Amino acid sequence: MIVPMIKVRILGPGERLGSVLRAVQDVGVLHLTAPGPVSAKATPKAPPVPLRRLGQLERAAADAETAIALLGLHGTGREAGAGSLPSLVREVRRIRRTAELLVERRHALEEERALLQRYRHLFEALESLLPARAMAPEARAYQIVLRRDQASTLPALRHAIRELVGDGFELPTRTLPSGETAMLLLVPKVGSEKVERLLRESRVQEIPVPGGYGTTLEEALPRIRDRNAALPGALERVGSELLDLGTRNRDVLFSARALFHDELARLAALPLSSTTAHTFVLEGWTPEAAEPRLGAALERGFGGQVVIERVRREEWRADEAPVVLANPRLFRPFELITRTLPIPRYGSLDPTPFVAVFFPMFFGLMLGDAGYGAAAALLALVIHRRSRPDTVWRSVAEVLGACALFAILFGLGFGELFGDLGRRWFGLRPVLLDREAALVPFLGLAIALGIVHVVVGLAAGAISGRRTEPRKAAGKGLSAIMITLIVTALLGAVRILPRGFITPAVITVLVAFPVLIVLEGIVAPVELMSHLGHILSYTRIMALGTASVMLALIANRLAGAAGGVVVGILFGLLFHLVNFALGLFSPAIHALRLHYVEFFGTFYSPGGVRYEPLAHWAPTVGQARMT
Amino acid sequence: MTVLWIPLSAALAIGLAALATSWAQSKLGPALAATLAEKPELATTAVILLAIPETVVVLGFVIAVTILLRGG
């Protein structure tokens, strides 16, 4: 249901605008809009927005968000006693800078540790080769790594070096766990240039001494070892400092973030207000039921200084009003499906109640298995337990719960429990129809549901549009009647209804046809045919239902055909698991499609304005908040 | 001959419809993936658009079943 809205106007002394906006924000029900002309004499205009303050607050809010993210804080707290705004701005900036410095330090330490870990085996190998260096202290040293595929070239390399510098070189080697070969090449300084050229040309990988640890390998390796030992402690200290910073400033950050966003919301409201030399005017929409609460708050805060009045209904258009959806508790989770599309226009119809009835029904018909339904119910229960109220996941759990219930009911009706296991083990028998064999009755049921769904949609469109677009609404109503008559004639033709129904139904359709063209124009026949095509689209309920039962049967047959009992059970479980995943996904997508395309196409009127009252900031504001 | 033609016709009805659907979805898929990369809020529209060609294979299935049932 779309909540009835009223437009109100608030007038008061100009100097009270700030405090009135604060009071309106406290109540949190007024969706502000730019005021229209109040009188011919006064020419109100929007007060200037303090841009410097706006910029400061935006930066402060960004500081708070950054600090909260860096410190990994979660929550929505709004603790009292946060202090004055300027001191909070400074405090939050300080916390953000400290957090950034600590996080940068942690990143640097982590990178260093990752680098040292990566070359740990190489450094250990080179350290084990260092005694050779002690025997030739004047020689030039090169640390070299041969890839696994280059290992066979070692004798050739040794031979080439010998040709250049004779026997006066050392080349101790060590194989690394990765299969690479670490080498410490020691050559006399006289021949080092030639060796360097050889190394370049032979494309072996020379490893330089890591920067920051010394100039020679002898200096660097002990330092690297010490550093490796010290890094976990350093990381732990930085982690503790970050944790401590977060714990100490959690309340301040959450309060400051909420305060900054509240201030920004009030500044954003300034262009939607008007002031003259002495007065201000605010206009906006509020749910009709919330008007007394808003009036009482203004009366309590400002006495007779500020007045609130209703704007007459003739002064505003329906499509300007914001839309609030409010449905009974049972239907509310299905707003999730409605909200996925652009919200309906004010004055049109909220399709949520229809969705709440038909969506789980279609899903249940397609899945139609008590076993899969019970598994879906279990999944819904888990999601429900793990989700918080008024969140998208909670709605998903509740919608899935309803779908699971219908799947169980239809499953019992079709006598299906994990395919034909129910029949074989528990003697379940199909009460409604046997989906495995009765394909034609199932097809008939699917098409009958399509007729009902489309006709209900057309009737809903006719009723909801009777005031705003009476001609179009009459056309929709007539289409609904014509479809019913066409179906009646067809049922008469196949002798489900008496044949006497055919002639009156056909004559009425022929008479109604020109009337439909007069009402809706030349596109009316095309639309009528498209509605009939949409009805045929509901055969997917039968197609997917049959596919679902056949897959379950195949899972049972394959399990039976497997060699051993254990293998058979495992195979059957795996196949049923895959079928269950498909059974959740495919019916959900197709039930959605039947609603979005076939059903909503008959009456849904999108393009409504989202209701965004001036209210205190909360992390869910602007997202899918349940009203 | 009927023994051959009936299952063959049913197979063609579902097979060609499945090919047509998969061809349409192969064209839609990359375009929708690119759209979603830029506008994730169009996810619902994308799902609907992707599900629309499936009507072809659903109707193909129904025709195949009808052929099999009518043909005995």
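This is a predicted model: local features need pLDDT of at least 70, side-chain atom pairs count only at pLDDT 80 or more; totals for chains, interfaces and linings use all residues.
1. Chain A, elements and extent. The secondary structure of chain A consists of 19 helices and eleven strands. Taken along the principal axes, the C-alpha atoms of chain A fill a box of roughly 115 × 85 × 50 Å. The radius of gyration of chain A is 38 Å, whereas a compact globule of 627 residues would have one near 25 Å.

2. Chain A, burial and contacts. Buried residues come to 34% of the 627 in chain A. Among contacts in chain A with a separation of 6 or more, 77% are between residues 24 or more positions apart.

3. Chain B, elements and extent. Chain B has three helices and zero strands, and its elements run α-α-α from the N terminus on. The C-alpha trace of chain B spans about 55 × 15 × 5 Å along its principal axes. For chain B the radius of gyration is 17 Å, while a compact globule of 72 residues would have a value near 11 Å.

4. Chain B, burial and contacts. Of the 72 residues in chain B, 19% are buried. Residues 24 or more positions apart make up 75% of the contacts in chain B with a separation of 6 or more.

5. Where the chains meet. On one side of the interface are 15 residues of chain A, and on the other are twelve residues of chain B. Three elements of chain A give two or more residues to the side that touches chain B: helix H14 (439–464), helix H18 (539–561) and helix H19 (565–603). H19(A) gives the most, with six residues. By class, this side of chain A has nine nonpolar, four polar and two charged residues.

6. Helices H14 and H17 of chain A. H14(A), one of the helices that touch chain B, also packs against another helix of its own chain. The axes of H14(A) and helix H17 (residues 524–537) of chain A come within 7 Å and cross at roughly 135°. The crossing of H14(A) and H17(A) is right-handed. From H14(A) the contact takes A:Ile447, A:Gly450, A:Ile451 and A:Val454, and from H17(A) it takes A:His531, A:His534, A:Ile535 and A:Ser537. Four of the residues in this contact are nonpolar and four are polar, with no charged residues.

7. Helices H15 and H16 of chain A. A second pair is made by helix H15 (residues 470–493) and helix H16 (residues 502–520) of chain A, whose axes come within 9 Å and cross at roughly 155°. H15(A) and H16(A) are therefore roughly antiparallel to each other, the cut-off being an angle over 145 degrees. The crossing of H15(A) and H16(A) is left-handed. Sorted by class, the contact of H15(A) with H16(A) has 16 nonpolar, five polar and three charged residues.

8. A:Arg495. The loop between H15 and H16 of chain A holds A:Arg495. A:Arg495 is not a glycine, yet has a positive phi of about 65°. Is this residue buried or exposed? A:Arg495 has 8 other C-beta atoms within 10 Å and is exposed, because 12 or fewer count as exposed.

9. A:Asp390. A positive phi, of about 60°, also occurs at A:Asp390, again not a glycine. A:Asp390 lies in the loop between helix H11 (370–386) and helix H12 (392–414) of chain A. With 13 C-beta neighbours inside 10 Å, A:Asp390 counts as partly exposed, because exposed residues have 12 or fewer and buried ones 20 or more.

10. A:Glu315. The loop between strand E9 (307–310) and strand E10 (322–323) of chain A is the place of A:Glu315. Within 10 Å of A:Glu315 there are 10 other C-beta atoms, so A:Glu315 is exposed. How far apart are the C-alpha atoms of A:Glu315 and A:Lys7? They are separated by 9.2 Å, although A:Glu315 and A:Lys7 are 308 residues apart along the chain.

How values were computed. Residues are numbered from 1 along each chain as its sequence is written. Chains are lettered from A and ligands numbered from 1 in the order in which they are written. Helices (H or I, at least four residues) and strands (E, at least two) are DSSP runs, numbered from the N terminus. The radius of gyration is taken over C-alpha atoms; the globule rule is 2.2 Å times the number of residues to the power 0.38. Two residues are in contact if their C-beta atoms, placed from the backbone, lie within 7 Å. Ala, Val, Leu, Ile, Met, Phe, Trp, Tyr, Cys and Pro count as nonpolar, Asp, Glu, Lys and Arg as charged, and the others, Gly among them, as polar. Axes are lines fitted to C-alpha atoms, for helices over the stretch in contact, and angles run from 0 to 180 degrees between N-to-C directions. Angles under 35 degrees count as roughly parallel, over 145 as roughly antiparallel, 65 to 115 as roughly perpendicular and the rest as oblique. A crossing is left-handed if the near helix is turned anticlockwise from the far one by less than a right angle, and right-handed if clockwise.
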